[in-house]
Amino acid sequence: MFELKDRVAIVTGSGSKRGIGRTIALTLAQQGAAIVVADLNKEGIEDTVAAIKEAGGTALGVELNVTSKESNEAMVEKVLEVFGRIDILVNNAGISQKATVEEMTLEDVTRIFSVNMFGLFLCTQSVLKTMKEQKFGRIINLSSVSAKRGGGVFGGAHYSASKAAVLGFSKNLAREVAQDGITVNSVAPGLINTDIWKSLPKEQADAVISGIPMGRPGETEEIATTIAFLASKEASYITGEEIDINGGSHMD
Ligand SMILES: NC(=O)c1ccc[n+]([C@@H]2O[C@H](COP(=O)([O-])OP(=O)(O)OC[C@H]3O[C@@H](n4cnc5c(N)ncnc54)[C@H](O)[C@@H]3O)[C@@H](O)[C@H]2O)c1
């Protein structure tokens, strides 16, 4: 697949044991990148770092709260101290909440936005100087099918809105840094086979599956391989793009 030797990649939210971020981290490591496993979850960080090292890869665990400017800046300082460069940032950390607009509070909306959008902004801002100096960078942001069509299984309108904001932010930034050797793209996964999906009652799961032309949820590997491509030098002329990975459940 796509060669990422000598690249340094930060993957936020990669400490979730059965999450998408862990598979992204393992996949980029397999392609030769040194991985920064950045998450709130200390135990999860250790677990992903161990899995990468066991597979022969290079990994550094860093505790990170994406909603804090200081925490993002401290992470960047640590990464530069250890690896000396930052080539790839995958903004994967995200939270959701199932609630109707009538049920949700302003605090709920603020909490969802503070991770999914403001955290993504702060983390991105903290790596730009380094990427500009290197004249190379790959920023890949996790949006969601619910940004485009609404009606998420696990999230409400605040989640959809935060993930739609990610798409606009990515396109604007893509224009800003296009001449600095930095590309900025998004992926919009549909329903993915993670723990939260497995917890859904069968009746509800069947109803969701009936809306997916491929008749199954996606696998985390199916997100990670697209991200490995976007992170590679082969994707050098792709920027401001959003890639749907959803088994056909939404087609632009
Ligand atoms: N699972 C799906 O079906 C699906 C579909 C579309 C989009 N997505 C998006 O993909 C991404 C990963 O989803 P997942 O299902 O693997 O989620 P997950 O809940 O398994 O993992 C998210 C990780 O983010 C971390 N995190 C949360 N808040 C953080 C913060 N403030 N700072 C640092 N880390 C923080 C958590 O500790 C966790 O390890 C999310 O952005 C999600 O919105 C998921």
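Helices H1 and H9 lie oblique to each other in this predicted model, because their axes meet at about 50 degrees. Those axes are 8 Å apart, and the crossing is right-handed.

**Where H1 meets H9**
- H9 covers residues 220–231, while H1 covers residues 20–30.
- On the H1 side, the contact with H9 is made by Ile 20, Thr 23, Ile 24, Thr 27 and Leu 28.
- On the H9 side, the residues in this contact include Thr 220, Glu 221, Ile 223, Ala 224 and Thr 225.
- Further along H9, Ile 227, Ala 228 and Ala 231 take part as well.

**Where H1 meets H2**
- The crossing of H1 and H2 is right-handed.
- H1 brings Arg 22, Ala 25, Leu 26 and Ala 29 to this contact, and H2 brings Thr 48, Ala 51 and Ile 52.

**A closer look at H2**
- H2 runs over residues 42–54, which makes 13 residues.
- From its first C-alpha to its last, H2 reaches 18 Å, close to the 18 Å expected at 1.5 Å a residue.
- Which residues of H2 are buried? They are Gly 44, Ile 45, Thr 48, Val 49 and Ile 52.
- An α-helix has 3.6 residues a turn, so residues three or four places apart point the same way.
- Lys 42, Glu 43 and Glu 54 are exposed on the other side of H2.
- The cover over the buried residues of H2 includes H1, strand E2 (34–39) and strand E3 (59–63).
- After H2 comes Gly 56, which has a positive phi, near 90 degrees.

**Helix H6 and its neighbours**
- H6 has 20 residues, from 157–176.
- Its span from first C-alpha to last is 29 Å, close to the 28 Å expected at 1.5 Å a residue.
- Buried residues of H6 include His 158, Tyr 159, Ser 160, Ser 162 and Lys 163.
- Val 166, Ser 170 and Leu 173 of H6 are buried too.
- What do the buried residues of H6 pack against? Their partners are helix H4 (106–134), strand E5 (137–142), helix H5 (145–149) and strand E6 (182–189).

Notes:
Residues numbered from 1 in each chain as written. Predicted model: local features only at pLDDT ≥ 70, side-chain atom pairs only at ≥ 80, totals over all residues. Helix = DSSP H or I, 4+ residues; strand = E, 2+ residues; numbered from the N terminus. Expected span 1.5 Å × (residues − 1). Buried ≥ 20, exposed ≤ 12 C-beta atoms within 10 Å, placed from the backbone. Contact = placed C-beta atoms within 7 Å. Axes fitted to C-alpha atoms, helices over the stretch in contact; angles between N-to-C directions. Parallel < 35°, antiparallel > 145°, perpendicular 65-115°, else oblique. Left-handed = near helix turned anticlockwise from the far one by under 90°.
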